[in-house]
Amino acid sequence: MLYAALAYIAWGLFPLYFKRLSDVNALEVIAHRTVWSLVFVAVILAVLRRWAWLGPVLRSPRLLATCAVSALLLSSNWLVYVWAVQHGHVVEASLGYFINPLVNVMLGFVFLRERLRPVQWLAIGLAAAGVIWLTVTAGRLPWIALVLALSFGFYGLMRKTAHLGALEGLTLETLILSPFAAGALIWWTVQGTSAFALASAGDVVGGGGGHLAWLLLAGPLTAIPLLLFAAGARRITLTTLGLVQYLSPTIQFLLGVWLYHEPLAGARLVGFVLIWSALAVYSAESLWRSRR
């Protein structure tokens, strides 16, 4: 429980990290996150001597294709999330991770032919009503929340069929993305616009030296919560894990409202209440069935 809670608390505090990098383009932040995550997990695998899985995976075109799709979904999720935090949409980003469990249920129904129970349909209906309400009151779809929920939902669906551990999966995904990320970083550095270039030019204020150290932390900050999650998920029930997962969006929501003072007018709050009600119904039903 402690491992899982620490993982979700760390993910919930991510806005503090990405807000610190608001002067760095979100795409460059993701490129750094990809490269330094690969370096970090490669060091861990080297220490643990856990490279035996890589050979068979590289000889499996189908598995590589699946992981390539999951890597694209993961990087898209990262990019939208970082952009949202940097541009003052932490509350809407938290909404995406609130509704993600219900998106997972729907994806299981559509793609895995899992049967939904009546209470699950009720929860999905309440969440849909919340999204519709937010769309009507704001005059636009809450696209950040929907993109985050759908991209992470489909990412989970792809990983479900890939049969790789958390550490191995992240290694392969970042291995696939890193040539593109490293090429982009080299190009931006040559052009003189990257954090590396600004640091070498002595431009500490404009995203240089100060940001460089933060960008280098992207690797461990990405991998450590994932390892904590994997350690926790193996030791507690899925129902318990499903309840603990709400720590992350709750922390993000509180940061957005109380620390960053993002607007949460009465009409908008109604949409959130509908979605929270959906999660309460879904979680209570899951807990009841687990105890039975």
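**Note on helix packing, pocket and cavity**

1. In this predicted model, helix α9 (residues 166-191) and helix α12 (residues 218-233) pack at an angle of about 150°, and their axes lie 9 Å apart. Axes here are lines fitted to C-alpha atoms, for helices over the stretch in contact, with angles running from 0 to 180 degrees between N-to-C directions; helices are DSSP runs of H or I with at least four residues, numbered from the N terminus. The pair is therefore roughly antiparallel, a term used for angles over 145 degrees.

2. The contact (heavy atoms within 4.5 Å) involves A166, L167 and L170 from α9, together with T222, A223, L226, L227 and A230 from α12. By class, the residues of this contact comprise 7 nonpolar, 1 polar and no charged, where Ala, Val, Leu, Ile, Met, Phe, Trp, Tyr, Cys and Pro count as nonpolar, Asp, Glu, Lys and Arg as charged, and the others, Gly among them, as polar.

3. The largest pocket has a volume of about 1900 Å³, and of the 50 residues lining this pocket, N100, N104, F152, F229 and Q245 are the closest to its centre. Its lining divides into 26 nonpolar, 16 polar and 8 charged residues. On a 1 Å grid over the protein atoms alone, a pocket is an open set with protein on both sides within 12 Å along at least five of seven lines, a cavity is a set of points where a 1.4 Å probe fits but cannot get out, and lining residues have an atom within 4 Å of a point.

4. The largest cavity, with a volume of about 30 Å³, is lined by F14, Y17, F18, R33, A218, L221 and T222; α2 (14-20) and α12 are the elements that give two or more residues to this lining. Volumes are the space filled by probe spheres set on the grid points, which are joined across faces, edges and corners.

5. On conventions, residues are numbered from 1 along each chain as its sequence is written. Local features need pLDDT of at least 70 and side-chain atom pairs count only at pLDDT 80 or more, while totals for chains, interfaces and linings use all residues, and side-chain values use heavy atoms, leaving out hydrogens and water.

Technical notes: Angles under 35 degrees count as roughly parallel, over 145 as roughly antiparallel, 65 to 115 as roughly perpendicular and the rest as oblique.
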